[in-house]
Amino acid sequence: QVQLVESGGRLVQAGGSLRLSCAASGRTFSSYVMGWFRQAPGKEREFVAAIRWVGSTTYYANSVKGRFTISKDNAKNTVYLQMNSLKPEDTAVYYCANSLDYRATSSYSDVHKYDYWGQGTQVTVSS
């Protein structure tokens, strides 16, 4: 079992920045990939960014590349998502996810490759 708790979401103006955190506990030593996804009202959950738990290889959705940065602190079992130059279309509930499946290292954008999810944190970007 892995437990994930996100924090850091709030209302911010367009062009602003936020840093989301995801604190993991439990069986994190078996993790392959940690990911961030988001879901806006009426839309499907979409991939934002991912990072390998061992090593530092990162992956990004085209829509956030150059604006968002995913990072981790293995000692603290925490993953971060630094979001800069925020746009109204970034408004969504952001979810942290953990994969114990090695196939997630090549299918990191597939929601079905993730085993555990946090409860989500709301990010609202006003225009």
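The model is predicted, so to speak of local features a pLDDT of at least 70 is needed, side-chain atom pairs count only at pLDDT 80 or more, and totals for chains, interfaces and linings use all residues. Residues are numbered from 1 along each chain as its sequence is written, and side-chain values use heavy atoms, with hydrogens and water left out.

**Overall fold**

There are eleven strands here and zero helices. Helices (H or I, at least four residues) and strands (E, at least two) are DSSP runs, numbered from the N terminus. Reading along the sequence gives β-β-β-β-β-β-β-β-β-β-β.

Of the 127 residues, 44% count as buried; buried means under 20% relative accessible area, exposed over 50%, and partly exposed in between (1.4 Å probe, protein chains only). The accessible surface comes to about 6,400 Å², with 46% of it belonging to carbon and sulfur atoms. Those areas come from the Shrake-Rupley method with a 1.4 Å probe, and for residues only the protein chains shown count as cover.

Contacts (heavy atoms within 4.5 Å) are worth a look too. Among those with a separation of 6 or more, residues 24 or more positions apart account for 57%.

As for charges, the mean positions of the 14 positive and 9 negative ones are 5 Å apart. Lys and Arg count as positive, Asp and Glu as negative, while His and the chain ends are not counted. Each charge is placed at NZ of Lys, CZ of Arg, CG of Asp or CD of Glu.

In soluble globular proteins, nonpolar side chains tend to be buried together. The largest nonpolar core in this chain has 35 residues, and Trp-36, Leu-81, Met-83 and Tyr-94 are those with the most contacts inside it. Strands that each supply at least two residues of this core include E1 (2-7), E3 (18-26), E4 (33-39), E8 (78-83) and E9 (92-99). The most comes from E5, with five residues. A nonpolar core here is a set of buried Ala, Val, Leu, Ile, Met, Phe, Trp, Tyr and Cys residues joined through side-chain atoms within 4.5 Å.

What does Tyr-94 touch, leaving aside neighbours within four places in sequence? Its contacts include Trp-36, Leu-81 and Met-83, and also Glu-6, Arg-38 and Gly-120.

**Residues to click on**

Leaving aside neighbours within four places in sequence, Ala-97 is in contact with Leu-4, Val-33, Met-34, Gly-35, Phe-37, Tyr-114, Tyr-116 and Trp-117. On the same terms, Asn-98 is in contact with Val-2, Leu-4, Ser-31, Val-33, Met-34, Tyr-114, Asp-115 and Tyr-116. Ala-97 and Val-5 are 92 residues apart along the chain, and their C-alpha atoms are separated by 9.8 Å.

Ser-21 belongs to strand E3. With neighbours up to four places away set aside, Ser-21 is in contact with residues including Val-5, Trp-36, Thr-78 and Tyr-80.

Arg-10 is in the loop between E1 and strand E2 (11-13). Not counting residues up to four places away in sequence, Arg-10 touches Ser-17, Leu-18, Gln-122, Val-123 and Thr-124. The C-alpha atoms of Arg-10 and Leu-100, 90 residues apart along the chain, are separated by 30 Å.

Two loop residues have a positive phi without being glycine. Asn-77, in the loop between E7 and E8, has phi near 50°. Ser-85, in the loop between E8 and E9, also has phi near 50°.

Here is the accessibility of these residues.

| Residue | Relative accessible area | Class |
|---|---|---|
| Ala-97 | 0% | buried |
| Asn-98 | 0% | buried |
| Ser-21 | 16% | buried |
| Asn-77 | 23% | partly exposed |
| Ser-85 | 40% | partly exposed |
| Arg-10 | 45% | partly exposed |
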